[in-house]
Amino acid sequence: GTVSKGFGGNGVCSNATRGIFFGGSGYTSIISTLQMATEGNTYEFGNLSYGVGYNASTANATRALSAGGYDPNTNSVDLDGYVDTTQRTSLTLSSSLNHEFEIANTEHSLIAGAEYIGTDNDNDRNGENDTGALTPIANINTYSGVFSVLRDDTKAELDVISLFVQDTISLSDSLDVILGGRFDRFDLSVNNMMTPAGSGSQDDSHFSPRVGFVYKPQESVSL
């Protein structure tokens with residue numbers, strides 16, 4: 001159940017409703033469930049190694065009740081709440097390739113890979129058909145509201161595709177130079193079923209270069 005402290009005059013918490021479970025513990029609840037699957041493998045072929053990973057999850061939340069106001073004169077509350085059946089699904093796929101080789105007596109350690117992240121949201125929430133009537137605290141545990149007011153019905157989809165490469169070049173026993181870059185592309189679409197004018201989509205891309213040096217004055221020290 002959901003515990004509420006209630007409200008007194010001027011927004012001050014009232015002890016009158018402290019510890020009250022609105023609608024009973026079997027009815028009033030905020031429930032989140034998460035299902036997840038993860039898999040990863042690495043394969044080696046001499047100086048060449050390849051890794052691939054997979055992650056998928058789904059989540060949803062359900063319902064809640066709360067006291068929107070408290071009348072100390074009648075020891076009653078104005079109950080409000082919602083039923084939320086939002087469904088969220090996420091998928092992540094990643095792979096990388098590692099290769100060590102030598103060119104002109106210079107050692108290279110190359111890493112290249114790709115990643116995909118996809119998230120689908122199906123958001124919908126029904127609010128209580130609030131008439132403004134007050135419910136006596138003595139009757140709260142038997143309260144059964146009618147959740148027929150649609151407050152949100154939105155579907156959203158986000159896709160992110162990334163490519164990256166990095167080469168660590170050993171110039172000497174004590175100095176390495178790192179050259180690399182990452183490209184990300186984002187695609188977001190939102191479909192507002194209640195207000196179509198609020199729907200839209202956006203895409204963007206960005207490239208991030210990387211340049212660095214690693215200095216090793218001693219074998220166990222890197223700067």
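User: What makes Glu100, Glu102, Glu107 and Asp173 a patch of negative charge on the surface?

Analyst: This is a predicted model, in which local features need pLDDT of at least 70 and side-chain atom pairs count only at pLDDT 80 or more, while totals for chains, interfaces and linings use all residues. Residues are numbered from 1 along each chain as its sequence is written, and side-chain values use heavy atoms, leaving out hydrogens and water. Asp and Glu count as negative, Lys and Arg as positive, and His and the chain ends are not counted. A patch takes residues with over 30% relative accessible area and no salt bridge, joining like charges within 9 Å and nonpolar side chains (Val, Leu, Ile, Met, Phe, Trp, Tyr) within 5 Å. Areas come from the Shrake-Rupley method with a 1.4 Å probe, where for residues only the protein chains shown count as cover, and a charge is placed at CG of Asp, CD of Glu, NZ of Lys or CZ of Arg. Glu100, Glu102, Glu107 and Asp173 gather in such a patch.

User: Why is the pairing of Glu115 and Arg182 called a salt bridge?

Analyst: The term requires a side-chain nitrogen of Lys or Arg within 4 Å of a carboxyl oxygen of Asp or Glu. The N to O distance between Glu115 and Arg182 is 3.5 Å, and they therefore form a salt bridge. Because Glu115 lies in strand β8 and Arg182 in strand β11, the pair ties together parts 67 residues apart in sequence; strands are DSSP runs (E, at least two residues), numbered from the N terminus.

User: Which residues does Gly212 touch?

Analyst: Contact means heavy atoms within 4.5 Å, and Gly212, found in strand β12, touches Asp176, Val177 and Ile178, not counting residues up to four places away in sequence.

Notes. Helices (H or I, at least four residues) and strands (E, at least two) are DSSP runs, numbered from the N terminus.
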